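User: I'd like to learn how to read a structure like this one. Could you take me through it feature by feature?

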Amino acid sequence: MALRSLGFFDVGNHDPLHTGDAEHLFAERLSKARACASDIGLPLFDVESNLQEWFPGVFARLHTLRNASAALLLAPLVRHYVYASAVPVWMTKLSPADSAYGDAVLLPLLSTEAMTFHSGTPSLDSIAKTRMISTYPPARRHLQVCLYEARNCSRCEKCLRRQLALDVAGGLQHFQKVFDLRQFFRARSWYIGYVLTYAAQNEPLRELATAMRAADYARYPEVTYRLRWWFHRLWRWLRRKCRRSVDRF
Ligand SMILES: [Zn+2]
């Protein structure tokens, strides 16, 4: 199915620090989304909502339902809506923490006579998706993943995770326009240790750890990286105790 238009919504995901002001970050991100849509050559629909006032709480719990409600406003102008799935279909389950795990079930149930929802790339996990976008030129110019800023901070957990995945896929050097790679290489060894340490408890980190092992990515024994993470964690704790600033992570 070829895409004919794009959507960008404010449904409660542009106020990561819960300040009550989502307007500023949404406007900045929308401007970047418009530049990306123009580069790709597709029209962009945007919806600014007050859903967060009605459903305060962690965005990830209900993001599928929130985004679908904004998308439904575009019907019948838009007949089919492809929701960028975060989780492959074989990991489908009911999760109270993240509605993405239920996309394969939720999206057909949310479809109406006017709009049919589809899960995008349901057969790809996050590493396979990273490999796919690593060769897509507009992604190299416009990829935005940061939890906190309109431009990728390159230091938060989500920025580091995507940079590491791109590096494992062999394409990170093509993303210098959207990431400050110096930040990544400064954090790389302790962040690898973080991924390996928590892979058993976190599905996206498990995918990343599996991909690193399959690609023989880590140069040193895993214990080296794990120790590096624990030293870094101790360093962060000491800085906080001394009332010194630490990066959001
Ligand atoms: Zn970031």
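User: How far apart do the C-alpha centres of domain 1 and domain 2 lie?

Analyst: In this predicted model, those two centres are 27 Å apart. As for where the domains sit, domain 1 covers 6-123 and domain 2 covers 148-241.

User: How many helices and strands are there in the chain?

Analyst: You'll find 10 helices and four strands. Reading from the N terminus, the order is β-α-β-α-α-β-α-β-α-α-α-α-α-α.

User: Next, helix pairs. At what angle do the axes of α7 and α9 cross?

Analyst: Start with the cut-off: angles under 35 degrees count as roughly parallel. Helix α7 (residues 157-169) and helix α9 (residues 203-214) cross at roughly 25 degrees, and their axes come within 10 Å. That is why α7 and α9 are called roughly parallel to each other. The crossing of α7 past α9 is left-handed. On the α7 side, the contact uses R161, L164, A165 and V168, while α9 brings P204, L208, A211 and M212. Sorted by class, this contact of α7 with α9 has seven nonpolar residues, one charged and no polar.

User: And at what angle does α7 pack with α8?

Analyst: Here the range to know is 65 to 115 degrees, which counts as roughly perpendicular. The angle between α7 and helix α8 (residues 181-198) is about 90 degrees, with 10 Å between the axes. So α7 and α8 are roughly perpendicular to each other. From α7, the residues are L160, Q163 and L164, and they meet F184, A187, Y191 and V195 in α8. By class, the α7 contact with α8 counts six nonpolar, one polar and no charged residues. Notice L164: this residue is part of the α7 contact with α9 and also of the contact with α8.

User: What about the backbone? Which residues does a cis peptide bond join?

Analyst: For this one, look at omega. The bond between A75 and P76 is cis, with omega about 0 degrees. You'll find P76 in the loop between α3 (63-72) and β3 (80-84).

User: Which residue has a positive phi although it is not a glycine?

Analyst: That's T121, whose phi is about 40 degrees. To locate T121, go to the loop between β4 (116-120) and α5 (126-133).

Terms used. Residues numbered from 1 in each chain as written. Predicted model: local features only at pLDDT ≥ 70, side-chain atom pairs only at ≥ 80, totals over all residues. Domains from an automatic or database assignment. Axes fitted to C-alpha atoms, helices over the stretch in contact; angles between N-to-C directions. Helix = DSSP H or I, 4+ residues; strand = E, 2+ residues; numbered from the N terminus. Parallel < 35°, antiparallel > 145°, perpendicular 65-115°, else oblique. Left-handed = near helix turned anticlockwise from the far one by under 90°. Contact = placed C-beta atoms within 7 Å. Nonpolar A, V, L, I, M, F, W, Y, C, P; charged D, E, K, R; others polar.
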